[in-house]
Amino acid sequence: MTTLDALAPHRRDHSLSLWIGLILVGLHVAVALLSLVWTPYDPTAMAGGRLEPPSLTHWAGTDRLGRDFFTQIMIGSRIALIVGIGAVAIGAAIGVTLGMLAAFASRLLDDALAATLDILIAFPTLLIAMLVVAASDTASLGSAILALGIALSAIVARLTRILAKRVLVMDYITAARTSGTSWIGIVFRHVLPNIWPTLSVNFALQFGLAVIAEASLSYLGLGAPPPNASWGRLLQEAQGTVYTAPIGAVAPGIALVSLVIGVNLLADGLRDIGDPTRRLAR
Amino acid sequence: MSLLSIENLSLAAADIPLVSRLSFAIAPGERLGLIGESGSGKSLTAMAATGLLPRAITASGSVRLGGQQVIGAADRVLDGLRGTVSAFVFQEPLTALDPLMRVGRQVAEPLRRRTRRDGRDLDGDALMREVHALLEQVALPQPDRIARSYPHEISGGQRQRVAIAMALACRPQLLIADEPTTALDVTTQAEILKLLDGLVRERGMALLFISHDLPVVAEVVDRVVVLKKGIAVEEGPVAEVFGAPKDEYTRSLVAAARAFDAALEGTP
């Protein structure tokens, strides 16, 4: 029994970043869910005059077609969350699998995979996503998510490969092998749990990256087509009227930034809780 | 038939020989010590015994574990031997335990594999009861608390006891202990050694004990092989080899151990 024993178990240190992250992400999730059943106005209907400033009836004003801007932002939350979760899920599925294969592969295959990943990472995520969207017939929310997922998978794969390789040389892997644990068992019982804290934080970064990239795609007209109110498309539409009605650019901008920051803070806080060895260090 | 029989084993990394034409055998219940200084190839030989050499190292010769040729065998075949015929205890108990897995679960892993092998699949509660029984057998206090702890929450000596419990969970015919007391302080060392010795005798396990520490080796084994730079320079019963070493290298090891003892007792 050491002094460490008294400190370590069951200590819950909910950090500030965890709480702020939880609130920001929770707000977006709540708004996105709410938008499924209720929005202040019909998102496609002309609810008021054109380019009205924020008021009690239109909280964020109206756009150049007279549609309620707050309604559009709410729908945008939904789209951003779908894109973020979808792209990260695809990126993680492809990336973790590839990275794990590379970590276990023979030297030659590993080198080939690593070189391919390095080349892919050298291309900006957005560029890869644009190429994938261009390769599909029509721009849709689905193709944007797939494109972003594929673009993110290279980063996830490289990270997984490095992290897994670092774990694979540890004594406890050898120890598990000497007691007859199969490679599959090693992957699921030892490697994944040990790289998960780092991976999950990275997934949150990827989530932010995906949300921003989707906004960029939409801004360029390669994302979800109208009437899907992606924040990127709202920004693009506001571009022409940014001096007369700045709220059109400010509101989606705030929504975008608050979601991305929220997810990153949340991931940071969760990592500290998820990793028992870090509870001591704090 | 020998449990482990090594014949003309040579190990090399690239073109550098690490172990050359090493031969020894361990019969069921027999206790053999493999001694030599750091870098003499002791640990590599132990890893070669279960086919767990790093990729960069090539092996030639013959290693038969439980009658099965290990060199060149597929992992699928060897996985069946590891944990069944042989189990390991390593030098550094902190790194030999998964830092993110509770101790109880780590012991439960090999235990469940073994009970499944024996034809009885243990579930949650029954499995945990056996885990606690194992933790008690290695003389860990408060097995409930230890089972719920992470490796960094218990002491070094306790961690090594957990590692021994994991090896025992396999119920192996041969226990391979690679410097199991080196990372521990002297009093803990003596306790762990006594525990290991008792458990091996009690269960009639064979033991391959690897160490650079002569007095420690002498305490637990019947026979020793002395390795120097990958070559076996001397082999025989403990009393013979340490009492009247024939090889120059063995003599220097014995002399060094004597000088150390003398220094401790304050006599020149």
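A residue is called buried if 20 or more other C-beta atoms lie within 10 Å of its own, and exposed if 12 or fewer do. The legends below describe close-up views of a predicted model.

**View 1. Overall make-up of chain A.** Chain A contains 11 helices and zero strands. Its pattern, followed along the sequence, is α-α-α-α-α-α-α-α-α-α-α. Taken along the principal axes, the box filled by the C-alpha atoms of chain A is roughly 75 × 50 × 30 Å. Of the 282 residues in chain A, 43% count as buried. Among the contacts in chain A with a separation of 6 or more, 69% come from residues 24 or more positions apart.

**View 2. Ala204(A) in helix H8 of chain A.** Ala204(A) belongs to helix H8 of chain A, which covers residues 183–219. Ala204(A) counts as buried because it has 24 C-beta neighbours inside 10 Å, and the cut-off is 20 or more. When neighbours within four places in sequence are left aside, Ala204(A) is in contact with Val263(A), Asn264(A), Leu266(A) and Ala267(A). Phe69(A), by contrast, is 135 residues from Ala204(A) in sequence, and the C-alpha atoms of these two residues are 28 Å apart in space.

**View 3. Helix H9 of chain A and its buried residues.** Helix H9 of chain A comprises residues 231–238; because six of these eight residues are buried, the helix is largely enclosed by the rest of the structure. The buried residues are Trp231(A), Gly232(A), Arg233(A), Leu234(A), Leu235(A) and Ala238(A).

**View 4. Length and end of helix H7 of chain B.** Helix H7 of chain B has 18 residues, numbered 186–203. At 1.5 Å a residue, the helix should span 26 Å, and this agrees with the 26 Å between its end C-alpha atoms. Just after H7(B), Gly204(B) adopts a positive phi of about 65°.

View 5. Which residues of H7(B) are buried? They include Ile192(B), Leu193(B), Leu196(B) and Val200(B). Viewed down the axis of H7(B), the buried residues fall within an arc of 105°, and therefore they line one face of the helix. Thr187(B), Gly198(B) and Glu202(B) are exposed on the other side of H7(B).

**View 6. The cover over the buried residues of H7(B).** Several elements of chain B take part in covering the buried residues of H7(B). The strands among them include E3 (31–35), E7 (174–178) and E8 (206–211). The helices among them include H6 (156–169) and H8 (214–220).

Methods:
Residues are numbered from 1 along each chain as its sequence is written. Chains are lettered from A and ligands numbered from 1 in the order in which they are written. This is a predicted model: local features need pLDDT of at least 70, side-chain atom pairs count only at pLDDT 80 or more; totals for chains, interfaces and linings use all residues. Helices (H or I, at least four residues) and strands (E, at least two) are DSSP runs, numbered from the N terminus. The expected span of a helix is 1.5 Å times one less than its number of residues. The arc is that of the directions from the helix axis to the C-beta atoms. Two residues are in contact if their C-beta atoms, placed from the backbone, lie within 7 Å.
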